Each structure stands twice: as structure tokens, then as C-alpha cells.
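Trainee: I'd like to learn how to read a structure like this one. Can we go through it together?

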Amino acid sequence: MIYPTRMAVLAAAAGAPVALLVAVALPDRWFVGLAWPVAVLALTLFDALNGLRAGTVTLALPPNAAVGATIDATLRVVIEGARPPVSAEVALGASPLLAVENDGRAWVALAGGRGAVLLPVTTLRRGTARIETLWLRWRGSLGLAWHQRTVATDAALPILPDIRAVHERGAQIFQRHALQGLLTQIDRGDGTDFDALVEFRSGMDRRALDWKQSARHRKLHAKEFRTERNNQIVFAVDAGRQMCEPVAGLPRVDRAVSAMLLTAWIALKLGDRVALHAFDSRPRIASGLVSGVPAFASLQRLAAQIEYSGEETNYTFALTTLATRLTRRSMIVLFTEFTDLTSADFMVRAAARIVNTHLLLVVILRDEEVERIADRAPATSEDVTRAVTAAALLRDRKLVLTRLQHLGVHVIESEHDRVGERLVQGYVDLKRRNLL
């Protein structure tokens, strides 16, 4: 495609006053005033023909990216022919899953007709971001004509759940909460699995005394236990409408998935078995229980398949279906969100049925925006209305969480940037207390 530049249009428009003056001053020579726009048109055609060249642009993307991360898309430009331009402009048709600066446009400095530029791209949501079209254009030597090429591409960027916390803080958090290995001596006595028979020492639990062995050895002996392994941890992720609302730029479900993956990695390292269950109006993903750190990759791939849903959450259907799949007592970690008492009541009823058999831990994110509205000093009558409404929402939220705790449900209400660490701490605490 060839079309005039802004300079060519302005140069042609500048000749209009001249043509008008000539027509007024020399009516019989009015056609002389057309010399200016005709000359601009001729120069534009010359520039268009002189700048004809073969040009291509290619796009290079990383193998994958985490949701919420900013990566560099590399655009390489090659323009053939003698005396190629010194610069060119490129643009990419971004996917809805991506956010790019300046509408995806960038200038490339060329040396010998070749050049490259890095374009920052921010991933917004999980999925596969596809870029099917690239554009390349450059100006002729006179700057009067654009030469544009449209290049089809099949570039794809898999956007996976954010596991940067696993890479950056996973080992540190694991060392802090390790229950086996180097810290096994510290955790003796915390579990229920028999480990050894030792002489009774001051400070040991008297309930651990083994009277038969003590009588046989004529000394007080006690049983020493270690923390049990092979527990079942099931992560139930609510992917309904309310969980797709953003918190600090990312949907709540993505925050939950990141925290889930961090805790799952810790659980696999500690020898427990992990499963993933995602649902909205009905169950969507129901994986089997896996064990061992190598299984973490399969959990990550499954978590990447959790869709953003606009449907209301059906807690009864989801938790009942999950309970029927479990053959032994398990720890169920439920990531969810509620804003009205009706949906919260359904959640409480479903939790009451499941908590009799399994250990239920509910994880929700604090609604910091509503808290700020409630705490802000009002300046107008509208501010008072907002503050009263926000306070009522927070009061209802606290009431629901209190009802869950009275049922025996463990609750974690955390800031969005600390939910992973808070969940790991809660999981390890429950494990130390032998509640699993």
C-alpha cells in the first residue's frame, strides 16, 4: 500500500492560497495556480516509485509468560534494495490478553536496511495470546509517500499462572516451614506417626508414656512421633463472576491461582498429595491426586486452563461433587469471594455439610477499596452515603466469616500481595496441629 504522508498533504494544501491569488489577479491565467499542487503530486509519485522495496518484519516472543508480567516482544525489520531508509515504523495487532504501549507501534532505526526493536508487552489474563498481523511502513527519500506492508504471522504466547513466588520465595518459605529433612528433630512429637521409643525426659508429654515398655526396661520410656505425610490437599478455586473482578490490576482468580501453586509446591515437597478443583456454576476442572515435586508441572498446566467465567457460583453443586470424589478425610482449601448475603448463605450451608467430614479452609482477599471508602473522612453527602454503604458491606462480610468460624471452618482473609505466604503459614499450622 502506498499513500501520501502528512508532509505531502500539508504541502499540497499550502498551494491553495497561491492558486486563489493567481485566479483573482490573473483570471485568464488561472491554471497557472495549479502548478504548485501538480508539482507536489509529481514529487509524491516520484517518491513513491523511488521507494519501492521488499520489506519484511518478524516477531519473536518468549516461550511463555506469567500473567501480570511485562515481557519484551522483539520485532526485526529487513528492507531490501539500494539506499534503504534509515528508519521504519512497525506495529502489531495485539491480542485482548495483552496490553502494549502506544497502540503497539514503535520506530526502528535501520542500518543497511536491517534493525530490531523491543516492544514492552504486559500480559493481562491467562490463556494463549495470538498475534496474527504485523504492519511495517517507511517513508520515501523525500518524505512524501508512505510504503506499507501487512505481514501475516502465527505467533502465539502461552500465558501461564504466575509462579514467580515459587521461584523467588518458594525455597525460602519451604526452609522456614520444613517438617522433614534437616528440621525433623524439631518436629518430633508434633505428629501422630510413631517414630521411636526413647527415655522419658523432663518436658515431654506424659500422655506419650509407654507403661508396658517402661515396666520391661525398668525406666520410664515414651513414644516419640513424627509429623505424618501423605495427607490429601484439595484446592477448590471459585472461577465465577465475582472472582473475575480485578484487585490491583489482576483478577482475583489469578491471585488465588498464584497462591494455590505456591502452597501446592510446598505441600508436594512435604510429601502430601495435591488435587485441583475449579468451578463456577458447575465443576469445570477436577484433577486426580498427585504427589512428588515433578507433578507440579501438571498442576501448573491445569491451572492455566481455568477460564474466566461470568456465571454465578453454585457452591452446593461444586462442593457436593467434590466431597463425593474424596474417599478419606482431606483438607479442602476454598478460594472464593462474596458480596451479598444470598450467595454467602449458600456457601455457609455447603460448608456446614462438608466440614463434618473434611477440614475446610476458606481463603478470601480483603476488599481494600471498600475499606478505604469506609475509613475516608467524608466531605460531601455523597461521600457519607458511600461510607455507610461500604461499612454495611464490611459488616455483612464479617458476619459471614464469623458464621463460618463457628461451624469449624478455618478462614484466611489476606491482602492480595500476601495471600500466598498467609496460606502456606495456615497450611503448615494445621498440619502441625494434626488437624489433617
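Mentor: The axes are lines fitted to C-alpha atoms, for helices over the stretch in contact, and angles run from 0 to 180 degrees between N-to-C directions. One caution: this is a predicted model, where local features need pLDDT of at least 70 and side-chain atom pairs count only at pLDDT 80 or more, while totals for chains, interfaces and linings use all residues. Residues are numbered from 1 along each chain as its sequence is written, and side-chain values use heavy atoms, leaving out hydrogens and water.

Trainee: At what angle do α5 and α11 pack?

Mentor: Helices (H or I, at least four residues) and strands (E, at least two) are DSSP runs, numbered from the N terminus. Here α5 (residues 252-269) packs on α11 (residues 419-432) at about 40°, and their axes are 8 Å apart. The two are therefore oblique to each other.

Trainee: Which residues of α5 and α11 make the contact?

Mentor: Contact means heavy atoms within 4.5 Å. On α5, Arg 255, Ala 259 and Leu 262 are among them, and on α11 they include Val 419, Leu 423 and Tyr 427.

Trainee: Now the sheet. In what order do the six strands come?

Mentor: Strands of a sheet pair through backbone hydrogen bonds, either parallel or antiparallel. To count as a pair, two strands need at least two bridges found by DSSP. In this open sheet the order is β17-β16-β13-β18-β19-β20, with mixed pairing. At the edges sit β17 (283-286) and β20 (410-414), each pairing on one side only. From one strand to the next, the twist averages 20°.

Trainee: How many bridges join β16 and β17?

Mentor: Three, in the antiparallel sense. Phe 279 stands opposite Pro 283 in β17. As for α11, that helix lies across β13, β18, β19 and β20, running at about 160° to β20.

Trainee: Let's zoom in on Leu 250. Is Leu 250 buried or exposed?

Mentor: Buried means under 20% relative accessible area, exposed over 50%, and partly exposed in between, using a 1.4 Å probe and protein chains only. Leu 250 has 12% relative accessibility, so this residue counts as buried. Leu 250 lies in strand β15 and touches Val 67, Gly 68, Leu 124, Glu 245 and Arg 255, leaving aside residues up to four places away in sequence.

Trainee: What share of the protein's residues is buried?

Mentor: Buried residues make up 44% of the 436.

Terms used. Parallel < 35°, antiparallel > 145°, perpendicular 65-115°, else oblique.
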